[in-house]
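Subject: The two-chain model for you to look through

Hi there,

Here is the structure I promised to pass on to you. Please open it beside this email and follow along as you read.

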Amino acid sequence: MLIFEHAQTGRRAHAQAPYDAPAADDLPAELLRGTAPLLPESSELDVVRHYTRLSQKNFSIDTQFYPLGSCTMKYNPRACNTLAMLPQFLARHPLADAETGQGFFACLHELQEMLKQATGMAAVSLAPMAGAHGEFTGVAMIRAYHDARGDTARREIIIPDAAHGTNPATASMCGYTVREIPTDRQGNVDLEALRAVVGPHTAGLMLTNPSTLGVFEKAIVTILKIVHEAGGLAYYDGANLNAILGRVRPGDMGFDAIHINLHKTFSTPHGGGGPGAGPVGVSERLMPFLPIPYVLEERGLYRWAEEGDCSQSIGRLSAFGGNMGVLLRAWVYARMLGGVGLRRVADFATLNANYLAAELQKAGFDLAFPERRASHEFIVSLKKLKDATGVAAMDFAKRLLDYGFHAPTTYFPMLVPECLLIEPTETESKETLDAFVTAMAKVKEEAEMTPELVKGAPHTLPVRRLDDVKAARELDLAWKPV
Amino acid sequence: MPFIPHTEADIAAMLDSIGASSLDALFDEIPVDLNCAGLGGIPPSLSEMAVTRLAHGRAAQDGFYSSFLGAGAYEHHIPAAVWQIVSRGEFYTAYTPYQAEASQGTLQLLYEYQTMMASLTGLDVSNASLYDGATALAEAVLMAVRANKAGVRRVLLPDTVHPRYRAVAQAMVKNQGIELVGVPFDKASGITDLAALEVMAGEAAALVIPQPNFFGALERVDALTDWAHAHAMLAIAVANPLALALLKPPGLWGEGTQTRGADICVGDGQPLGVPLSSGGPYFGFMTARQALVRQMPGRMVGRTVDLDGKPGFVLTLQAREQHIRRAKATSNICSNQGLLVTAATIHMALLGPEGLKNVALSSHANTRALIDKLVSLLGVERVFSSPFFHEAVIRVNIPVPDVLRALRAQGILGGYALGRDYPELADCILVCATETKTEDDLEQYRQQLERILSRRNGRDPSVPPCAYK
């Protein structure tokens, strides 16, 4: 039942709004609304009960294991939420003078400095509001750099075929053409293909390392050398930074621009789809182009760097500077873990992934790259199972939901057929991983013995398999009263 | 080891299963010369108790103010129930609802949100949100250019649109060869100058129409919408969603029976249950006419049925999005501001149509009362003649930075100094009084301003300095 269907004309949650309000008799009638908007008329209890019940129809980290490759669904510490929501931080107006927010700025400045240390970059801006927003920022800076040098023939971005879809979409948003390059059998960037596409038109390369295939690009130094020698710059997609924290830094690998997904590596919540935060880091040569604002410290006083401070900046990315509440959560997390704790994130994310890969292989699953060391995630291919039983990766994933596990990432990366991309994260215990292996083995057995059971999954959730085709063909995006 | 559950025995058993000798051995594919020696530059770990003390100290340092700042971010009362429900782990720690069967809570809520926003704006379809109001405007500009069959890459963007929104739109569209052209405003009324628009007509894919505009003034939206359509442009509304509880919805803008209303509406959803939070996270909303649905960026939720014919909800029209279309997607956006939309939906459900309208009316009435009080002072005048929603511009006869600094010393944030963005308005302040302000709050502002003006204009203060802080 929708909230609108619970509503009754004339019912109100009286405590929530000014009870009596003077009429706006000074406003011209032609500018006023004629009929009331379609908002429910409900009591406070109706609303609380309705949305509490809706929440119970969700999987979440607090209730289920999410081995969701590339998404890093780890525990979101509660202190981060509590402290980011201190009343002074929540009440602060974004345009209030810097003098009224020195405590707030101190937290952000510390985060900025810690991210520089963690990534080995020369400077960081906290402005981007998501990973894809950070990508846009990075590529826009690369473009601004070439343009400032009059090097305007560089209009191509090179992207491996295993990359996240946001990489090519970002290149397009920055007015660039995408040159896709293949991956070799070992899961590495095909160096010959890279050498063949670089040239005077190359603006840069976008790369995730460890890649979305869950392996470290061993030839990373050579790859960046090829790009740099051709006059291009290198962009690091930080989606998998959690795999290498404290082990190797993008700045040391030679990248010119990076983004960091705070909602992954620094454990801020996913919130059912957002908000995230995607701070960017740059090497020295891109510093003049950083987006505004970023936090400046001058004689012990913090303030935003704004238009007058950086004439070559690519500009503003949001009205008020970014997702501050997310940044504060990441600050709390980084302060609680400290430098040593952050390195342990990579250690135990990698331990869990390699353990899970080993156990699944023992249970009869095919790893996409069995001869490689897994990073923080790895790929299982169900192609043989599908050929034998007709059960596809999607069916398999839906059946896992019945066993109380969120599905791994399915059908990404696209170059591995019938794939499950699995990322356990460091916050899960051995017992949870073992239970997941048991469920995987059970579903495999079901696929072999009773494939229809798996193809019809899920069976135990609030709804059964939903009709995506009908949803797209007979669009129903808003309720209408009957 | 914060948040890492492994015992020594677990580690040994797991390494044994892998066949690795140590944790270090798991990193043997990373070239040795790239290894860093750890993160010694990051301060040591703090306990939860220690970080709590640190954060409380920082927050206390910032304190509280009586704020009359608006300029795109507004202080409103948020019902206690809103963030208590939003903070439930099932919403707070859920992933994007790609696995629909395991995400019916989030998906149904988004469908309800889309319904509310479509109705509030008077348009057919809503997406599930964008980053903020400014990026939503940039996406609307890109959308209008995509929808323009003649390939026109020029959009009219009046000077009365929020300066930050204009800056963001510029940063986001400039690399695609799209030109944003300013439109001046009438100096007396503070709204977009229709005569200037006639002069600059030319080709454009869209006209952006703010309501209320950055000065709080109400634009002549019917005439602007009709003008855009008469010149083969789309009309993009930039609206405060709270104001739309009171004002004519963009989908009905225009006069006469031929009008089709604004084609796209965007704005910032912050006034709907999102705290000021030093600037974010907020959320951008976007609604549009049905005909434009396949040009929209961002996630959308559709209602469908399951195998048994039972109603349910899924993310739909995903063929527009980056994870399917890659370089040809409508946008690179890969998230929505889900948690803020959750708050807004619950907020709107609690307030209902009448409650939301009462918030709008009270905010309007309070700002009227404040303006009346302030312009009664010698040295203060109202600048623009147009009717306003809940913000208005005053001019003061002593330097604005001095006024605002002196007010701040008394615990009052007096408004936004317009000279930052409009040099010709260097002696002007944009002030806002929402429903959260009491008669006493307004009176304190008046008294303090009077004291400051009197002192600086060389007269004896008619009211003694107030002890209130």
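Below is a walk through what I found, going from the whole down to single residues. Please keep in mind that this is a predicted model.

**Chain B as a whole**

Of the 469 residues in chain B, 61% are buried. If you take the contacts in chain B between residues at least 6 apart in sequence, 73% of them join residues at least 24 apart.

**Domains**

For chain B, the assignment gives domain 1 (66–74 + 354–456) and domain 2 (80–345). Here the centres, again over C-alpha atoms, are 29 Å apart, and 21 residues of domain 1 of chain B are in contact with 21 residues of domain 2 of chain B. Two elements give two or more residues to the domain 1 side: helix H11 (338–375) and strand S12 (391–396) of chain B. The largest share, 5 residues, comes from H11(B). By class, the domain 1 side has 14 nonpolar, 4 polar and 3 charged residues.

**Where the chains meet**

How many residues of chain A are in contact with chain B? There are 167, and they meet 164 residues of chain B. Helix H12 (residues 324–362) of chain A gives the most to the chain A side, with 23 residues. That side is made up of 90 nonpolar, 45 polar and 32 charged residues.

One helix pair between the chains deserves a visit. The axes of helix H5 (residues 102–119) of chain A and helix H2 (residues 48–62) of chain B come within 6 Å and cross at roughly 140°, so H5(A) is oblique to H2(B). H5(A) makes the contact through A:Gln102, A:Gly103, A:Phe104, A:Ala106 and A:Cys107, while H2(B) uses B:Arg58, B:Ala59, B:Gln61 and B:Asp62. By class, the residues of this contact are 4 nonpolar, 3 polar and 2 charged.

In soluble globular proteins, nonpolar side chains tend to be buried together. In this model, the largest nonpolar core has 323 residues, and those with the most contacts inside it are B:Val141, B:Ala144, B:Ala206, B:Ile236 and B:Ile264. H12(A) gives the most to this core, with 23 residues. Leaving out residues up to four places away in sequence, B:Ala206 touches B:Val141, B:Ala144, B:Val155, B:Met233, B:Leu234 and B:Ile236.

Is A:Phe136 buried or exposed? A:Phe136 sits in helix H6 (residues 131–148) of chain A, and it is buried because 31 other C-beta atoms lie within 10 Å. Not counting residues up to four places away in sequence, A:Phe136 touches A:Thr170, A:Met173, A:Cys174 and B:Asn332.

Helix H9 (residues 221–230) of chain B has several buried residues, among them B:Leu224 and B:Trp227. The buried residues of H9(B) pack against helix H8 (194–200), strand S5 (206–211) and strand S6 (234–239) of chain B. Just after H9(B), B:Ala232 takes a positive phi of about 60°.

B:Ser277 also has a positive phi, of about 50°, although it is not a glycine. You will find B:Ser277 in the loop between strand S7 (264–268) and strand S8 (284–288) of chain B. B:Ser277 counts as buried because it has 26 C-beta neighbours inside 10 Å.

Finally, look for two cis peptide bonds in chain A. One runs from A:Gly274 to A:Pro275, with omega near 5°, and A:Pro275 lies in the loop between helix H11 (262–265) and strand S7 (280–282) of chain A. Another runs from A:Ala457 to A:Pro458, with omega near 0°; A:Pro458 lies in the loop between helix H16 (451–455) and helix H17 (468–473) of chain A.

Happy exploring!

Note on methods: Residues are numbered from 1 along each chain as its sequence is written. Chains are lettered from A and ligands numbered from 1 in the order in which they are written. This is a predicted model: local features need pLDDT of at least 70, side-chain atom pairs count only at pLDDT 80 or more; totals for chains, interfaces and linings use all residues. Axes are lines fitted to C-alpha atoms, for helices over the stretch in contact, and angles run from 0 to 180 degrees between N-to-C directions. Helices (H or I, at least four residues) and strands (E, at least two) are DSSP runs, numbered from the N terminus. Angles under 35 degrees count as roughly parallel, over 145 as roughly antiparallel, 65 to 115 as roughly perpendicular and the rest as oblique. Two residues are in contact if their C-beta atoms, placed from the backbone, lie within 7 Å. Ala, Val, Leu, Ile, Met, Phe, Trp, Tyr, Cys and Pro count as nonpolar, Asp, Glu, Lys and Arg as charged, and the others, Gly among them, as polar. A nonpolar core is a set of buried Ala, Val, Leu, Ile, Met, Phe, Trp, Tyr and Cys residues joined through C-beta atoms within 7 Å. A residue is buried if 20 or more other C-beta atoms lie within 10 Å of its own, exposed if 12 or fewer, and partly exposed in between; C-beta atoms are placed from the backbone. Domain bounds come from an automatic or database domain assignment.
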